[in-house]
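Keep the structure open as you read.

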Amino acid sequence: MMNKEEFTNEIAAKIVTILPEDFAGAEITVSEYNKNNGIVLTGLSVRKPGSDVSPVIYLDQYYNHYCEKIATMDDILLSIKKILLDNLGNEYSDVKEAIVDFTNVKDKIFVAFINKQRNAEKLLNIPYTEMEDLAVIYKVMLTSSKKGAATITITNPMMEQWGITKEELHALSVANSRRILPPEVLPLGKMVEKMMRSNGMSEKQLDEMCNEIFAPDEIPMFVITNDLKLNGAATIYYSDVLEKIAEKLRDDLYILPSSIHEVIAIPLKYGDLESLSTMVKEVNSTQVAEEEQLSDNVYLYTASTKKLHIATF
């Protein structure tokens, strides 16, 4: 079995041999990328002749699948090929030129959440606004579809080049976010059902699963995200999302940070803070990829003040 370096070199050497002729002479690059929470991933880029950019395909998960014999080398190469071909002709092919002019991106800027402490070094180079133990950062939506999205995080040099202040950037991002990434709030059972249906599960299988997992007296839990399930935790930053849920449930809310992509809201009367805190830590350590973790803290939304804070014992 190949080690990771051998695996990466093998992918880089073979990928161009299975791509169409217009990839002949493509520049193959393997680099290390600093991701969320200080995680470093190995990324492969294949830049066609005449193109300025290429989507980055991270190889770490592929290597895990190879080691666990979930996928063969041929399976992995075909998967990478599909990603590359699916991204041909995307709008971000001229991203370098597009982001130079602020008028090209000002309507595409949105907010996202990351953990402040775990990303302290990253935050030295990007504009952000503090919110408890989180940092509200700003991204540009280059392109999006049901297959996925391409985004870029706004840096201090980009903001300076545009000639805007952090306050102006923040206000614009907040104003844009709901339009770019509309909120999606569903009971936990409905969200799971929707995901399983999209994965091809039959109605009979869905009924059996839901009857087994979600009892009639189940605690009401609401998943809060956006329509792309991308950086969806920041949906709670929209002005009225938590307000409307609290009003519907007639209670304050505990907010559980499932990941950077979604949170879960639970009415205060149903939640035990100590148990919830333990659960969040356990789920983060066992179920959530490290680069997608948001926080180990539980938050409390107080309906009367419309404020969100870290919940304390």
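Which residue is the bridge partner of I255 in β12? That partner is Y299.

## Ground rules

This is a predicted model, where local features need pLDDT of at least 70, side-chain atom pairs count only at pLDDT 80 or more, and totals for chains, interfaces and linings use all residues. Residues are numbered from 1 along each chain as its sequence is written, and side-chain values use heavy atoms, leaving out hydrogens and water.

## Strand β10 and its neighbours

On one side, β10 runs antiparallel to β11 (residues 262-267), with 5 bridges joining them (two strands pair if DSSP finds at least two bridges between them). Here A265 of β11 is the bridge partner of I255, while E262 is the partner of S259. To get from β10 to β11, the chain makes a hairpin through 2 residues.

β10 also pairs with β12 (residues 299-302), again in the antiparallel sense, over 3 bridges.

## The whole sheet

Now zoom out: 6 strands make an open, antiparallel sheet in the order β8-β9-β11-β10-β12-β13. At the edges sit β8 (183-187) and β13 (307-310), each pairing on one side only. From one strand to the next, the twist averages 30°.

Helix α11 (residues 273-286) packs on this sheet, touching β10 and β11, and its direction makes about 10° with that of β10. Contact here means heavy atoms within 4.5 Å. For the angles, axes are lines fitted to C-alpha atoms, for helices over the stretch in contact, and values run from 0 to 180 degrees between N-to-C directions.

Over to helix α1 (residues 4-14), whose buried residues are F7, T8, I11 and A12. Seen down the axis of α1, these fall within an arc of 130°, so they line one face of the helix (the arc is that of the directions from the helix axis to the C-beta atoms). They pack against β1 (27-34), β2 (40-47), α2 (60-67) and α3 (73-86). The face turned away from that buried side carries the exposed residues E5 and A13.

Methods:
Helix = DSSP H or I, 4+ residues; strand = E, 2+ residues; numbered from the N terminus. Buried < 20%, exposed > 50% of the residue type's maximum accessible area, 1.4 Å probe, protein only.
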